[in-house]
Amino acid sequence: METMVSMRARQAGASLRARALGATSLIGVAMLAATGAQAGTITTNAGNNSTLAFGNVLVGSTNATKTVTATQGAPIGSRQVTSALGGANANQFSQNTGQQTLNSGNPSRTWTYTFAPTSTGAKTATATLSASAVGSDAAFSSTLTLTGTGVAPAATLSKTADAGKVLVGQSGTGQVQITNTGNGNLAGTDPGGNFSKQTSTNLRMSGITSGNSAFSVATPTTASLTDGSSTTRNVIFSPTARGAASAVVTANFNNGIGNTNGSGTRQTTVNGTGVAPVIGQTTVTDAGNVRVGTVGSGTITVTNVGDGNQAGANTSSYATFGTGFASNLLGQASVSTAGAGFAITGPDLSIADGSSGSTSFSFTPTARGAATADATLDFKNGSSDGRNTAFQTTAALTGTGVGPEFYSDYGNAQAANDNATLDFGYILQGYSSSLTFSLYNVTDDPDLGDLTKLTIFDSSGILGLSGSVFQLAAFSTTALNPSDAMDLTLTFSGLSTGTFDDILTIHTDQGAAFGGHGLDFKFNLHGVILQAPDPTPAVPEPMTLTLFGTGLLGMALARRASRRRG
């Protein structure tokens, strides 16, 4: 209920009281005194010594206003009415004017009070309306209490999850949370309804960024949050190298910073660790001594000294290497040196953290002596710089070809036409001729047991092109150690005359596994059988005997003459 403040002494009389009430046209005007008020009384529509409650007002707003009207009753003289602000938070309130004049031309004056909080919290001030005494009019004073509460959104930014350990070349996710812990949405809810609800009372985030290029913040980068609500943003960690990394995530706000509802930033830090396989030591196991004509093997061993498996079950398919853990060290080998007898036979490499993996190679020597070849190792990942990139390296493959070496008195013949010929010369019909020749193991390799033994097989023999005029004496299969020798005997005989040729083939295991069928060595056989003379001797004729005797005598005389001259 509105009240009236009288600045003058009470007056008696019911008729005067009725006239004064009838002359008052302001809403809510009433007389303080029970017996009425005299002419010239000043009244306010807010009520003298009452409270102006502004309610909740957004910090920074300047349009929260309330008005107070002062009216002087008749008879109206000229009065100066002054409004003065005071109290603990007077600076949070303002008025449109300090002093106004009431007179017959302007019996009412209005003062506008504005609540413009610059910080959050309850605010209190006073507005004192006063007029000095004029003539018979008494002094006037009414103190209004001004109250209001500054409200505002409040921005907080916090980390809810780190990105953890992420395989270099892939991405992991951390998370931050943006929360409005303020009360800005309460603005404009005062029951008086004297001003409309303020706009932009939500917390408004205008952007969010990362200070490290390895981290990025997922969209959207803006947000509008009501009181007490929150939202999250993923922070994507895409490491380019091994090791710990962190990013300062900065959120920009148009409001909600501090109790002044200012613009500014909030920050938090998101961490992550890049992990990756890393190639370590590469070692090669030599194929060793391998008998010519056989296959030996060696291994290439690679160590993974990285930590890629700590990224968890990040799996990926590689068309080149098949399907496996992307966090393993993945590679394959190939021989880049042709014609050396080496070939990769082992599996592709997929090596877990702290482990070693091997692939095998074969060595098939075609000649005695040391051999080398380069193997190229192509890796899909695991570079030594920790950046988990593809790279290539090489490994030296080694092995030594060893084995026996056949030789004979007549050379090392491997073809029938290489002039390695066993020539028996001439024999008479019905007679025979024997030829013994030696076979040697002349390898200059050390005695390596079965690796260097030369086997001469008893299946060796003569082709038989000339029937049986050539014969090889029987012998047992014999294994010759280095520098060892054995003899073979051949016989040439026949009853038919003529020139005879044949081929002797010696079967060995040279160029093959010990005891296996290897190289054959062939020799040409040649001989001539002459017709034997008539076994009945012929009787010389007399003339023939005479000539023979004369010849012998002449030779004797010539020898004697020669001695005398000497």
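Which order do the four strands of the open sheet have?

1. The order is E1-E3-E7-E5, and the pairing is antiparallel; here strands are DSSP runs of E, at least two residues long and numbered from the N terminus, and two strands pair if DSSP finds at least two bridges between them. At the edges stand strand E1 (42–44) and strand E5 (93–95), each of which pairs on one side only. Neighbouring strands of this sheet are turned by 25° against each other on average, with direction ignored, where axes are lines fitted to C-alpha atoms.

2. The model is a predicted one, in which local features need pLDDT of at least 70 and side-chain atom pairs count only at pLDDT 80 or more, while totals for chains, interfaces and linings use all residues. Residues are numbered from 1 along each chain as its sequence is written, and side-chain values use heavy atoms, with hydrogens and water left out.

3. Within the sheet, E1 and strand E3 (residues 64–72) run antiparallel and are joined by three bridges. Thr43 stands opposite Thr71 in E3.

4. The count of aromatic pairs comes to 14, taking rings of Phe, Tyr and Trp (its six-membered ring) as paired if their centres lie within 6.5 Å, with planes under 30 degrees apart counted as stacked, over 60 as edge-to-face and the rest as tilted. Phe379 and Phe391 are stacked, because their ring centres are 4.9 Å apart and their planes are at 10°. This pair links distant parts of the chain, with Phe379 in strand E28 (residues 369–379) and Phe391 in strand E29 (residues 391–402), twelve residues apart. Both Phe379 and Phe391 are buried, that is, under 20% relative accessible area, whereas exposed means over 50% and partly exposed in between (1.4 Å probe, protein chains only).

5. Tyr410 and Phe437 form an edge-to-face pair, at 6.2 Å centre to centre and with 80° between the planes. Tyr410 counts as partly exposed because its relative accessibility is 32%, while Phe437, at 0%, counts as buried. Ring pairs also link Phe424, Phe470, Phe492 and Phe500 into a cluster.

6. The largest nonpolar core has 26 residues, of which Ile456 and Ile506 touch the most other members; such a core is a set of buried Ala, Val, Leu, Ile, Met, Phe, Trp, Tyr and Cys residues joined through side-chain atoms within 4.5 Å. Apart from it lies another core, of 22 residues, including Phe215, Ala247, Val249 and Phe253.

How values were computed:
Axes are lines fitted to C-alpha atoms, for helices over the stretch in contact, and angles run from 0 to 180 degrees between N-to-C directions.
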